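Here is a walk through one protein model. Keep the sequence and the 3D view side by side as you read.

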Amino acid sequence: MLNNTDQVGYTRTRPGAVQVGQLRSTNIVLNNTDQVGYTRTRPGAVQVGQLRSTNIVLNNTDQVGYTRTTPGAVQVGQLRSTNIVLNNTDQVGYTRTRPGAVQVGQLRSTNIVLNNTDQVGYTRTRPGAVQVGQLRSTNIVLNNTDQVGYTRTRPGAVQVGQLRSTNIVLNNTHQVGYTRTRPGAVQVGQLRSTNIVLNNTDQVGYTRTRPGAVQVAQLRSTNIVLNNTNQVGYTRTRPGAVQVGQLRSTNIVLNNTHQVGYTRTRPGAVQVSSGKVKPAKVLQVLTGHKDCVNCVKWVPSIDHYSPENTLLSGARDKNVVVWKQDPHNTDSYTLEACLSGHSAAVTAVEGIFIPPSPQESSLLIASASSDSSIKIWKRSSDKDCEEIQTIKFGTGFVLDIALIIIPGTNVVLLACGADDHKVHIFVMENNQFVKKMVLLGHEDWVRSLDFMVDDTGDVLLVSSAQDNLIRIWRFSKRDTDINRSLASISDLPLDEDIKMPENIFSYCYNDKEAFCAVSLESVLSGHEGWIYSVRWHPRIKTGEKGDHQPMSLLSASMDKTMMLWMPDPDAGIWVEQVRVGEVGGNTLGFYGGLFGPDGASILAHGYQGAFHHWTRSTEDKKTWNPSVTVGGHFDCVQDIDWDPRDGQFLISTSLDQTTRLHAPWVKSDRQVEWYEIARPQVHGYSMQCLAMLNRYKFVSAADEKVIRVFDAPRNSIEIFCHICKQNLDEQLQREDTQSLPEGASVPALGLSNKAVFQGVKPDLGEDLKMSVHANSQYEVPYFKTVSVQAPPTEENLLQNTLWPETQKLYGHGYEVFSVACDPAGKIVASACKASTAEHSRVILWDTSSWQQVGSLAAATLTVTQIAFSHDGRYLLAVSRDRTWSLFRKHKISDTMFEEIGSVDKKTSSHSRIIWTCAWTYDDKYFMTGSRDKKVMVWQRCDISNRGEGLHVPVFSIAFPDSVTALDIAPVLVNECHLIAVGLDNGMILICKWKPPDNWICCTKLEANAHHMTVKRLKFRPCFGRAGMSDSDPTRWLQFASCGSDHFVRIQNIELDRL
């Protein structure tokens, strides 16, 4: 947006013009302007109008906005705006820009001034300064500024305004925001914001990071730019550009780091799922890594179409693990080898079996790491894997690798896609890889590579990059190293095709020199975002001895789509055949894609930790239908609770900022499996706790001081009834059907789910109507009613299964940490993080009026768990200060409680934090679990025969690790109490206890438990298995567990076998 522009508005303009976004748009100042906005100002100044608007000044401009003005002037539009100034830019808006440009997002706005401005905003400032108005905005200052905002700061500093804003400082700044930081650092404001640091910064945001790193703020935003990166955000820009995200997101690109992405899996775990077309389920969780798993890869069989039996995984613990299928159980995999040698996280792995030779057959493994190296490992028959080579890449690093054997030989070809925009080709000679060639063409980081051999015997390599392009390279055998001569296009006969130039390299095979020619086959353009994955169609067996390689390619991109490409049989060029994905919605694009074994299904994965599965229609080969697949949380699961009526579903909450509802899919022709059927809450803070009040109402709390209350909308009740085979009419008769909203949606920049009604009467108010989303130019509701006969897809879960928020409860001074509800659903108790007795009080809320009705002094530090007795007369609270307190309901009021017993630090039998507590089914005893590795049984104080004020446990037992969760079955089992105990190491133990001291450990769950801390355990409130028609429900109990490994697990207990 510089010099000699002519027109700007809502359409594309000539070079140098400014493309204005659809909403709340742009203020721009550039060089020697004279008049702008509504009043005349000095040269280079901007006068901001009174309305939410757009101020743009361009040198020698002629027309901009809605009306014609004098040269250099700008007529301001009516919408909320963004201020942008850039030197030597060409076009800015929602499309590709040149170096130094700014890509404007859809969110509330940005003020940017560059180079020698004199006055801007409402008051006079020194040259280069920015004066921020009073409206929601963002301050950015580049190069040698002296004063900005409301107070004087040092050169290069930014003073943040009073409202929602974003701070960005580039190059040699010293002070920014509210506190002093080191040069190049960014100080983040107090509200919704984004941190951006360019060029050799040392500290950013709230924590210290390495040079060039980005520290992302905790709230909704995505503005990230790094030194020498080519693209950031959702669309491509050139070096130095800024791409602003649209919604709650975190797009990160780091210079000289290993890989930051969204495909990160549960810490230390590898999840193996069924690859069949039928609904997928988790077969096994492989635990062998000690940190987050970055990549997994199947090693293809030698014939390419037999089932794979070897799996490779690489993790942040710097190791590569080889997993081998159990020959006696094809659903089980065991750790065969752990390969150590890298000095940083492993980011890519690849393996290949070298065909048997007279001497031996071997497995070749290549691993890439953020230590800027590739290591080659080899395992021969009956021998361990050994490292045979290390390939260094200097200061760069490799993002993906691919291996293949050149047809007709046993020579291995290695391709490496790197951050230098090149594909590096290596050939193995004498057990060492030798670099032969570099393939040029991509203009950004090469993200994915894949080899295949076509039916002619040529090798095809496909590569994708952050330049939004796919390139296909052909490797053909040659008898000589002489390049073929290419005739001029004008001299070609009409019946002869245009041929691409070739590059030839040589390699040694059987002590002879062989030659291979490499040429560019095709460049595929169609995606509008980074392409993270490209994969060839699997090879298909056509008969007893024959096979066929379909010419089909699958690509997955950050533009929220996957595309199937095939060559047109008539034209011979590659064209898009099928595009799947979503339009709009809240997802952030795809980070990988795969074909099914027969090519009849495709699978993608994205940021929200979910898979997206499509299956090809048997009737129309060009139609792909969404299919049910596995899903789950993608961060630590903090709390769970059952449907209090009869345990027909389970609800969970997690640090991934979501609350999810899980239920059994009941279908007559298949086994009952559990799936996520609703996502009632998608929040902006990490969730901490929840409690169900009744089947269709719950309260939850996050890392904020507010407790939120949610009611189920009609659409979610219908989905629950269809999936779980419940009677819809019967369910709706128990609710006020006249007041039930249809669904819920989240407004722009909001944290609260707003109810959406259909057929609303006018007196219900504008905020209850189905309204157009603020960021949409089309008049469509953000919520759509869905009618499903199978569990909803990820897109529907994110957008169409929210529950409306009905209340906010304020009263805590710090982040809420625990919450509980009495069995009648009349009282909610909550506690927050605390370091003093004043803030550690338990607050009681009346659910009929949602008013505070009491405050209980329970501890001196954070109350870690609250538990009501089964009859609702008693309330138990345990704390970090190693104490517990017991309260009894007052006789004269149903909402008042009085303390009847407690222990202090001196009299407590626990020596460490008490994490958990639970009541026996008859409420005569309660149990506490602590970090001191003990579970203690206590008798209720008002029935104990011990002396007044003396509280000692009835029974105590030690465990091998810290006790972090426990629960007691709601019924007696063979005259014993059944207890589930969860430990810090992920183990779950099922025990029986018969008063006073008969304790038996019945079973230990290790493989079927968690591999990290167990956070919560909850027994289903009744006999039987949810979704199952058991002939004798009293034979079964179910309990649920959640943990730091991101899992929610449901276990069946057959009581006859205990």
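A residue counts as buried when its relative accessible area is under 20%. The model is a predicted one. Phe-698 has 0% relative accessibility, so it counts as buried. Trp-803, with a relative accessible area of 2%, is buried too.

These two residues also form a ring pair. The structure holds 24 aromatic pairs. In this one, the ring centres of Phe-698 and Trp-803 are 5.5 Å apart and the planes stand at 55°, so the pair is tilted. That follows because planes over 60 degrees apart would count as edge-to-face and planes under 30 degrees as stacked. The pair links distant parts of the chain. Phe-698 belongs to strand β55 (residues 697-702), while Trp-803 lies in the loop between α3 and β59 (805-810). They are 105 residues apart.

Now turn to a second pair. The rings of Trp-884 and Trp-938 have centres 5.2 Å apart and planes at 65°, so this pair is edge-to-face. Trp-884 sits in strand β66 (residues 884-889) and Trp-938 in strand β70 (residues 934-939), so the pair ties together parts 54 residues apart in sequence. Both tryptophans, Trp-884 and Trp-938, are buried.

The charged end of Arg-1025 sits over the ring of Trp-1036, 3.8 Å from its centre. Likewise, the charged end of Arg-1049 sits over the ring of Phe-1047, 4.8 Å from its centre.

Next, helix α1. How many of the 11 residues of α1 (residues 714-724) are buried? Nine are, so the helix is largely enclosed by the rest of the structure. Among the buried residues are Ile-717, Ile-719, Phe-720 and Ile-723. Asn-715 and Glu-718 are buried as well. What covers the buried residues of α1 includes two strands, β52 (658-665) and β53 (673-682), and two helices, α2 (728-733) and α3 (794-800). After α1 comes Lys-725, whose phi is positive, near 55°.

Last, a sheet. Five strands form an open sheet in the order β35-β36-β37-β39-β38, with antiparallel pairing. Its edge strands, β35 (446-453) and β38 (503-509), each pair on one side only. Neighbouring strands are turned by 25° against each other on average, direction ignored. Asn-503 stands opposite Val-518 in β39.

Technical notes:
Residues are numbered from 1 along each chain as its sequence is written. This is a predicted model: local features need pLDDT of at least 70, side-chain atom pairs count only at pLDDT 80 or more; totals for chains, interfaces and linings use all residues. Side-chain values use heavy atoms; hydrogens and water are left out. Two strands pair if DSSP finds at least two bridges between them. Helices (H or I, at least four residues) and strands (E, at least two) are DSSP runs, numbered from the N terminus. Axes are lines fitted to C-alpha atoms, for helices over the stretch in contact, and angles run from 0 to 180 degrees between N-to-C directions. Buried means under 20% relative accessible area, exposed over 50%, partly exposed in between (1.4 Å probe, protein chains only). Contact means heavy atoms within 4.5 Å. Rings of Phe, Tyr and Trp (its six-membered ring) pair if their centres lie within 6.5 Å; planes under 30 degrees apart count as stacked, over 60 as edge-to-face and the rest as tilted. A charge sits over a ring if NZ of Lys or CZ of Arg is within 6 Å of the ring centre and within 35 degrees of the ring normal.
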